Amino acid sequence: MHEMGIALQIIEIATASIPPELGPQKVEKVNLKIGKLAAVVPDSLRFCFEIASRETPLAGAELAIEETPVVARCKACNERWTIDEPAFSCRGCGSGSLEILSGRELDIVSIEILQEGEDADGPR
């Protein structure tokens, strides 16, 4: 299960992204974009993240995952479309010469830190 390794990397990156001058902070949410071809099972990643983030500033943080579709461009006719089936040939001309434009991403989009004087339900 490589999701545990990914969860550990997310925790490492998010923790390193908190400016030290802010002191100890609690991360409320980590927003990710994960492509459908990234071979990541979102529920498994959430499970691993929950376990690995215990006793870190990310303990209890939400892992929000936006899945990005597989978008291809035909190199022969320049047709561009979203692939939603296993057939990898141009829907316009039938060519198999494709360029994958998106769908392999695994990006941390943003990290939301709980502001001082707030709790999980908002300002006090």
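Which backbone oxygen does the side chain of S53 reach, and at what distance?

Reply: The backbone oxygen of E50, at 3.4 Å. Keep in mind that this is a predicted model.

Let's start with where S53 sits. It belongs to the loop between α2 and β2. With a relative accessibility of 2%, S53 is buried, because the cut-off for that is under 20%. Apart from residues within four places in sequence, S53 has I11, L58, A59 and G60 as its contacts.

E55 is in the loop between α2 and β2 as well, but at 83% relative accessible area E55 is exposed. Its backbone deserves a look too: phi of E55 is positive, about 65 degrees, although the residue is not a glycine.

Now step back into helix α2, which covers residues 42–52. Its buried residues are P42, L45, C48, F49 and A52. Looking down the axis of α2, you find these buried residues within an arc of 125 degrees, so they line one face of the helix. As a general point, an α-helix has 3.6 residues a turn, so residues three or four places apart point the same way. What do the buried residues of α2 pack against? They pack against α1 (3–17), β1 and β2 (62–68).

Not counting residues up to four places away in sequence, L45 touches E3, I6, A7, I10, L32, I34, V40, L63 and I65. L45 and F49 are also among the residues with the most contacts inside the largest nonpolar core, which has 20 residues. I10, V30, L32, L58 and L63 complete that list. L58, you'll remember, is one of the contacts of S53. The elements giving two or more residues to this core are α1, β1, α2 and β2, and the largest share, 5 residues, comes from α1. There's a second, separate core of 7 residues, including A72, C74, I83 and L98; we'll get to that part of the chain in a moment.

On the way, have a look at β1 (residues 27–35), which holds N31. N31 is buried, with a relative accessible area of 13%. The side chain of N31 makes a polar contact of 3.0 Å with the side chain of E112. Beyond its neighbours within four places in sequence, N31 is in contact with A64, D107, I108, V109, S110 and E112.

Next comes the sheet with β3. This is an open sheet of 3 strands in the order β4-β3-β5, paired in the antiparallel sense. Its edge strands are β4 (80–83) and β5 (98–102), each of which pairs on one side only. On average, neighbouring strands here are turned by 35 degrees against each other, ignoring direction. In general, strands of a sheet pair through backbone hydrogen bonds, either parallel or antiparallel.

If you want to trace the pairing yourself, β3 spans residues 70–74 and has 4 bridges to β5. V71 has S102 of β5 as its bridge partner. Between β3 and β4, which run antiparallel, there are also 4 bridges, and R73 stands opposite R80 in β4.

The hairpin of β3 and β4 has 5 residues between the strands. N78 lies in that loop between β3 and β4, and here's another positive phi in a residue other than glycine, near 70 degrees.

Terms used: Residues are numbered from 1 along each chain as its sequence is written. This is a predicted model: local features need pLDDT of at least 70, side-chain atom pairs count only at pLDDT 80 or more; totals for chains, interfaces and linings use all residues. Side-chain values use heavy atoms; hydrogens and water are left out. Two strands pair if DSSP finds at least two bridges between them. Axes are lines fitted to C-alpha atoms, for helices over the stretch in contact, and angles run from 0 to 180 degrees between N-to-C directions. Buried means under 20% relative accessible area, exposed over 50%, partly exposed in between (1.4 Å probe, protein chains only). A polar contact is a pair of N or O atoms within 3.5 Å; within protein, one must be able to donate a hydrogen and the other to accept it, and residues adjacent in sequence count only if both atoms are side-chain atoms. Contact means heavy atoms within 4.5 Å. The arc is that of the directions from the helix axis to the C-beta atoms. A nonpolar core is a set of buried Ala, Val, Leu, Ile, Met, Phe, Trp, Tyr and Cys residues joined through side-chain atoms within 4.5 Å.
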